[in-house]
Structure formats: structure tokens, C-alpha cells
Amino acid sequence: MRRRAFITLLGGAALAWPLAARAQQPAMPVIGVLGATSPDLNADFLRAFREALKDTGFVESENVTVVYLWAEHQIDRLPGLAAELTRRRVAVLATIGNAATLATKAATTTTPIIFQVGDDPVKLGLVASLARPGGNLTGINFFAGELASKRLELLHELVPGALRVAVLMNPGNPNAEAVLRDVLAGARAMGLQIQVHNAATTGEIDAAFATFERERPDAVFVGPDPFFRARHVQLALLAAHHRLPATYSLRDYAEAGGLMSYGASLTDAFRQVGTYVGRILKDAKPADLPVVQSTKFELVINLQAGRTLGLPVPSSLLARADEVIE
């Protein structure tokens with residue numbers, strides 16, 4: 001009886017050893033990613049994020065877990081999603097866009113946050129300064145607002161006879177006011193007349209272009225906005241249908257048939273976010289990582305759209321383009 005009990009004890013101990021060993025293995029760190037839009041709109045950019053993460057030694061599903069939450073263009077969902085990620089006790093949070101970053105900042109003062117925003121993070125109240133962020137946030141500024149005046153200048157170069165420019169804005173975008181200020185300042189310097197039209201739904205976009213059909217502006221400036229980006233095909237098709245030269249903030253629009261886009265490379269911005277997330281996982285502190293200012297900007301011109309509009313593209317502009325779509 002004693003021998004049988006001894007064997008049973010040994011067998012139980014043998015089973016317990018692997019369990020104990022597994023329990024002692026450190027759990028994989030978890031990264032939380034929060035965005036206002038949708039995964040399909042960010043698929044290419046997220047590849048750049050993962051590549052940069054891999055370069056720092058972290059491979060998704062191998063030695064790090066990534067949890068993605070998307071508001072699907074419903075900005076009011078962001079605070080709840082940010083709170084959900086913080087409840088999961090993630091090691092670091094990566095946020096895409098102003099609204100997602102502000103919601104996440106409100107949800108935690110301790111979890112490291114690597115943001116990607118389109119406006120001055122100091123003005124947004126995210127960091128104390130670019131060089132010394134302080135607190136639990138740092139990240140990348142890709143200048144969505146500050147580039148508005150430059151984009152208007154490029155549009156005027158492409159359509160030199162344009163005097164009246166319709167500006168399409170989403171009033172629900174936290175960055176809309178700053179972008180509009182930049183557009184108006186640029187317009188004054190170039191002697192352009194600006195007509196502002198607001199749209200926050202698909203129907204309002206259609207209604208705005210119906211107004212353009214009646215008022216016949218010389219060109220259209222589409223404001224940088226996640227909601228507009230989700231409808232980049234609709235916007236490019238409407239501009240072509242109404243024969244209106246238009247400028248956009250991201251290359252998606254030009255690839256969908258839009259005339260011209262100019263803005264920071266989001267691929268580069270996502271890559272920089274991945275690098276910073278990896279550094280945080282290696283025990284760097286957000287307060288010690290300076291905010292990165294995007295330095296890679298893309299001018300994309302769709303020559304086919306220009307031909308459809310009967311609009312010759314100046315050779316000087318073509319020479320400066322990062323990509324020309326035939």
C-alpha cells in the first residue's frame with residue numbers, strides 16, 4: 001500500500017512540474033492599438049507598424065500580443081474603447097489620430113501612450129514640450145493641419161486661374177478649426193476667395209457637391225478627416241463627375257482617381273510608432289522620448305484625372321511629385 005501511494009505521489013509530482021514551469025514563464029506583453037476609423041483603411045500602414053516592431057525584436061503572436069480596437073468612424077465610442085484597453089492592463093498603448101489620442105489620455109495617466117496626431121501635440125495638451133514630453137505620452141506629429149496652406153498653394157499652382165475655392169470640412173473633427181485657420185491665412189496671401197461647406201454624413205457630402213454644381217467654384221479643397229478618408233472613393237468620383245479640380249490630404253484619394261494629394265507619409269508615421277512602442281517594451285519611458293516631427297511628405301498627381309478635366313499639369317509640378325499616376 002505504501003509502495004502504491006509512493007508511485008501515485010511521484011506521478012502527481014511529474015504532472016505538476018510542467019504546470020509549474022509554465023506558470024513561471026513570463027506572459028507576453030500586450031500592446032493596445034486604438035483608432036477612430038477601421039482596420040481595412042489602415043492595413044498597409046499597420047504592416048509598416050509591425051515591421052518596425054519586428055526590427056526592435058517583437059513579433060506579433062510570437063513574443064508580443066496586439067489588441068486592436070476600432071471606433072468604425074463613431075468618435076463617441078472612443079472613450080469607452082480607451083477605457084476597455086486600460087482595463088486589460090496593456091503594457092503600452094498606440095493611438096491613431098487626435099480623437100483616439102485625447103480619449104486615451106483621459107483614460108490613463110500611467111500606461112505609456114505612443115500617439116500619432118495631425119496637429120501640434122503641445123497645443124493639444126498632450127505633452128509639455130516636443131523635446132521633453134513629460135508624463136506618459138509621446139509620439140509622432142504628421143502635420144495634417146499645418147500642411148493645409150501648402151496644399152492650397154500647390155492647388156493654385158496646378159490651377160492658376162482658380163480664384164474661388166470651396167473648402168469641404170467635417171465640423172465634428174477636433175482639428176477642423178486649426179485647419180481652417182491655416183487655409184484662410186494661405187488664401188489671403190494668394191488672393192483667393194474661400195467658401196466653407198460642412199459635411200458630417202454621406203448625404204451631406206452629396207449635398208455639398210450639389211451646391212458646388214450650382215455655385216461652380218474653380219476648385220475644391222477637401223479637409224483632412226478620418227470620415228472623409230473612409231469615403232475617399234465617393235469624394236474622388238464626385239469631383240470627377242462635377243468636373244472640379246480637387247486637392248486631398250492623402251494618397252488614397254489620388255489612387256482612387258482624385259487629381260492631387262499632398263501630405264505626410266502615414267506609412268512612415270506608423271513605422272515610427274512601431275519603433276517607439278518597441279523601445280517602450282524595452283523599458284524606455286515616454287517622458288524621455290522626444291516627439292518625432294514627420295519629415296517625409298508625399299505629393300501625388302493623377303495625370304488621368306488632369307486629362308479628364310482638360311487640365312495640363314505644369315512640368316515644374318511634375319518634377320516635384322513623389323508619384324505620378326498615369
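This is a predicted model: local features need pLDDT of at least 70, side-chain atom pairs count only at pLDDT 80 or more; totals for chains, interfaces and linings use all residues.
Biologist: What does the C-alpha trace span along its principal axes?

Modeller: The span is about 100 × 40 × 35 Å.

Biologist: And how much of the protein counts as buried?

Modeller: Of the 326 residues, 50% are buried. Buried means under 20% relative accessible area, exposed over 50%, and partly exposed in between, with a 1.4 Å probe and protein chains only. The protein exposes about 15,300 Å², of which carbon and sulfur atoms supply 55%; these areas come from the Shrake-Rupley method with a 1.4 Å probe, and for residues only the protein chains shown count as cover.

Biologist: Turning to helix pairs, at what angle do α3 and α4 cross?

Modeller: Helix α3 (residues 78-87) and helix α4 (residues 98-107) cross at roughly 50°, and their axes come within 8 Å. Axes are lines fitted to C-alpha atoms, for helices over the stretch in contact, and angles run from 0 to 180 degrees between N-to-C directions. The two helices are therefore oblique to each other: angles under 35 degrees count as roughly parallel, over 145 as roughly antiparallel, 65 to 115 as roughly perpendicular and the rest as oblique.

Biologist: Which residues of α3 and α4 meet?

Modeller: Leu78, Pro79, Ala82, Ala83 and Thr86 of α3 meet Ala99, Ala100, Ala103, Thr104 and Ala107 of α4, where contact means heavy atoms within 4.5 Å. By class, this contact has eight nonpolar, two polar and no charged residues. Ala, Val, Leu, Ile, Met, Phe, Trp, Tyr, Cys and Pro count as nonpolar, Asp, Glu, Lys and Arg as charged, and the others, Gly among them, as polar.

Biologist: How do α5 and α6 pack?

Modeller: The axes of α5 and helix α6 (residues 176-190) are 8 Å apart, at an angle of about 40°. That angle makes α5 oblique to α6. The contact of α5 with α6 has six nonpolar, three polar and two charged residues.

Biologist: Where does serine 149 lie, and what does this serine touch?

Modeller: Serine 149 is in helix α5 (residues 148-158). Beyond residues up to four places away in sequence, serine 149 touches Asp182, Gly186 and Met190. Serine 149 and valine 183 are 34 residues apart in sequence, with their C-alpha atoms 5.1 Å apart in space.

Biologist: Changing topic, is asparagine 42 buried or exposed?

Modeller: Asparagine 42 counts as buried because its relative accessibility is 1%. This residue is in the loop between β1 (30-35) and α2 (43-55). Leaving aside neighbours within four places in sequence, asparagine 42 contacts Thr37, Trp70, Arg229 and Phe270.

Biologist: Why does glutamine 234 count as buried?

Modeller: Glutamine 234 is buried because its relative accessible area is 18%. Glutamine 234 belongs to helix α9 (residues 232-241) and, not counting residues up to four places away in sequence, touches Thr202, Ile205 and Asp206.

How values were computed:
Residues are numbered from 1 along each chain as its sequence is written. Side-chain values use heavy atoms; hydrogens and water are left out. Helices (H or I, at least four residues) and strands (E, at least two) are DSSP runs, numbered from the N terminus.
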